[in-house]
Amino acid sequence: GGLRLRQENPLKKIPVTAEDGKDLGAVSVSVVTGGGPAAVVIAHGAGGNMDTPSLKGLQDRLASSGVSAVRFNFLYREKGGRAPDRMPRLQQCFTSVVRKVRGEVEPKKIVIGGRSMGGRVASMLAAEGFACDGLFLLAYPLHPAGRPERLRDSHLPQIKLPVLCINGTRDALCQKDLMTRAIDGLGWQMQWLEGKDHSFPVTAEVGNLAERWLAGL
């Protein structure tokens with residue numbers, strides 16, 4: 001028992017800047033500090049936003065285990081759009097959020113990741129050598145639904161970080177045999193949730209997997 005101190009940080013909106021310094025707008029951010037040395041920045045999927053229940057649930061679970069957890073909106077969602085921005089802009093948004101978290105929360109370790117498209121954006125950053133300590137992927141979209149021949153895997157071997165990836169065995173965007181082959185020899189910690197599809201909820205099992213992996217970084 002005992003009381004756990006949880007503090008929601010008042011980082012409400014943060015500016016997003018392009019590589020050339022141009023102001024791209026501001027996005028909403030929720031930071032819950034967990035008191036421990038690590039922070040996880042979690043991005044939403046293409047059709048979701050930062051208030052997707054699974055992301056809120058994950059943030060609460062992580063914070064109660066001592067991990068600071070951050071949710072944010074990508075720019076297109078902040079502006080009420082439905083079609084995702086292109087990858088460079090998604091990456092600039094993610095990078096701006098991480099920069100702010102480093103400055104405000106000052107974690108000793110920072111992990112980037114997210115659900116579906118959000119995780120894919122984090123994986124592209126990680127493949128380009130983005131400075132962080134781990135990559136956390138939920139429902140990684142290895143290919144478009146019904147198009148298993150269009151694999152999004154060419155950048156995966158460039159990722160030199162510890163990776164935890166959790167997918168459902170019935171995910172229409174990630175055929176298990178193709179994913180197993182794509183990450184063969186890369187040293188990922190891959191967890192399959194039996195019978196779950198692309199929109200699996202964040203259960204105690206998912207939270208426990210994340211907490212154990214983070215504790216070992």
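Biologist: Before we start, what should I keep in mind about the model and its numbering?

Modeller: The model is predicted, so local features need pLDDT of at least 70 and side-chain atom pairs count only at pLDDT 80 or more, while totals for chains, interfaces and linings use all residues. Residues are numbered from 1 along each chain as its sequence is written, and side-chain values use heavy atoms, with hydrogens and water left out. Helices (H or I, at least four residues) and strands (E, at least two) are DSSP runs, numbered from the N terminus.

Biologist: Happy with that. At roughly what angle do the axes of helix 3 and helix 4 cross?

Modeller: In general, two packed helices are described by the angle between their axes and the distance between the axes. Axes here are lines fitted to C-alpha atoms, for helices over the stretch in contact, and angles run from 0 to 180 degrees between N-to-C directions. Helix 3 (residues 87-105) and helix 4 (residues 117-127) have axes that come within 10 Å and cross at roughly 85°. The two helices are therefore roughly perpendicular; angles under 35 degrees count as roughly parallel, over 145 as roughly antiparallel, 65 to 115 as roughly perpendicular and the rest as oblique.

Biologist: Which residues in helix 3 meet helix 4?

Modeller: Contact means heavy atoms within 4.5 Å. Met87, Leu90, Gln91, Phe94 and Thr95 in helix 3 meet a set in helix 4 that includes Met117, Val121 and Leu125.

Biologist: How many residues of helix 4 are buried?

Modeller: Buried means under 20% relative accessible area, exposed over 50%, and partly exposed in between (1.4 Å probe, protein chains only). Nine of the eleven residues of helix 4 are buried, so this helix is largely enclosed by the rest of the structure. Its cover includes strand 4 (38-43), helix 2 (75-78), helix 3, strand 6 and strand 7.

Biologist: Now for strands. Which residues of strand 8 point one way, and which the other way?

Modeller: In a regular strand the side chains alternate between the two faces of the sheet. Here Val163, Cys165 and Asn167 point one way, while Leu164, Ile166 and Gly168 point the other way. Six of the six residues of strand 8 (residues 163-168) are buried, so strand 8 is largely enclosed by the rest of the structure.

Biologist: In which sense does strand 8 pair with strand 7?

Modeller: Two strands pair if DSSP finds at least two bridges between them. Strand 7 (residues 134-138) and strand 8 are parallel, with four bridges. Strand 9 (residues 189-193) also runs parallel to strand 8, joined by five bridges, and Ile166 has Gln191 as its bridge partner there.

Biologist: Last topic, loops. Is Glu106 buried or exposed?

Modeller: Glu106 counts as exposed, at 62% relative accessibility. This residue lies in the loop between helix 3 and strand 6 (109-115) and has a positive phi of about 55° although it is not a glycine. Ser116, in the loop between strand 6 and helix 4, has a positive phi of about 50°, but Ser116 is buried at 12%.
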